[in-house]
Amino acid sequence: GVELACVRGCDLRTPLEPVPASVFSLPGDPPGRPGVRAEYFTGPDLAGAPALVREEPMPFAPERIASPAPGLPAEHFSARWTGRLAVPRGGRYSLRLTSDDGSRLYLDGKLVIDHWAPHPMVGRTAPMDLEAGRLHDLTVEWFNAAGTSGLRLEWLPPAAALPPEVEEAVRTARSSDAVILALGIAAPDDVPRRDAEILESETIDRPHIYLPSMQERLLEAV
């Protein structure tokens, strides 16, 4: 006498997008002046005086084997970007920092992503609540140990509407007497590495016990 309805709910291929340059402003300047302050160092540990300081649109460096800036080596360098972040809409955001090699992300003086070790191009994600109209202090640090280097800063903003898969799960839950949610993390081969939130794998330990961002959204909605 039991009827079982089963729906997918969500996809672990989280649709993160690059953080737009329009949300960054330079530290110490009036709101509205875009960009971040970039400091480049000739060693991999951010030590000493920077070899180059300049303004840039946002912290981003594509995968490559090349010098990140004039006068710097193609390997064994480091960089720091500082600025302020103002989000267009308040709510729960997921920020992902993907790098080769190590990287760190500070928000309002708090270390929220720490992957400061040599590793291939992999990302770490942290959920955080951001206020609209507030200038959040942001710092990104990065180093290259050897070979290819790369850095991406992406986010999943709070959605104005739920994804269709989540809406279907909510409709199914409303018409049901009980709900069983099967949640967890993805094995590295389950979904493309570039699109998924890989939380643990060889050379990658879990930095937290959060669920993947889309599963958090599914859980809260259901």
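The largest nonpolar core of this predicted model has 30 residues, and V19, F24, W81, L85, V140 and W155 have the most contacts inside it. A nonpolar core is a set of buried Ala, Val, Leu, Ile, Met, Phe, Trp, Tyr and Cys residues joined through side-chain atoms within 4.5 Å; buried means under 20% relative accessible area, with a 1.4 Å probe and protein chains only.

**Cores**
- Two or more residues of this core come from each of β3 (36-41), β6 (78-85), β7 (91-100), β8 (103-107), β10, β11 (136-143) and β12 (149-156).
- Another core, of 8 residues, lies apart from it and includes C10, V166, A169 and L218.

**Chain**
- The chain has 2 helices and 12 strands, which are DSSP runs (helices H or I, at least four residues; strands E, at least two) numbered from the N terminus.
- Of the 222 residues in the chain, 45% are buried.
- Among contacts (heavy atoms within 4.5 Å) with a separation of 6 or more, 73% join residues 24 or more positions apart.

**Second largest pocket**
- The lining of this pocket has 9 nonpolar, 1 polar and 5 charged residues; Ala, Val, Leu, Ile, Met, Phe, Trp, Tyr, Cys and Pro count as nonpolar, Asp, Glu, Lys and Arg as charged, and the others, Gly among them, as polar.
- β9 (110-115) and β10 (122-130) each supply at least two of the lining residues.

**Basis**
- Residues are numbered from 1 along each chain as its sequence is written, and side-chain values use heavy atoms, without hydrogens and water.
- Local features need pLDDT of at least 70 and side-chain atom pairs count only at pLDDT 80 or more, while totals for chains, interfaces and linings use all residues.

Note on methods:
Buried < 20%, exposed > 50% of the residue type's maximum accessible area, 1.4 Å probe, protein only.
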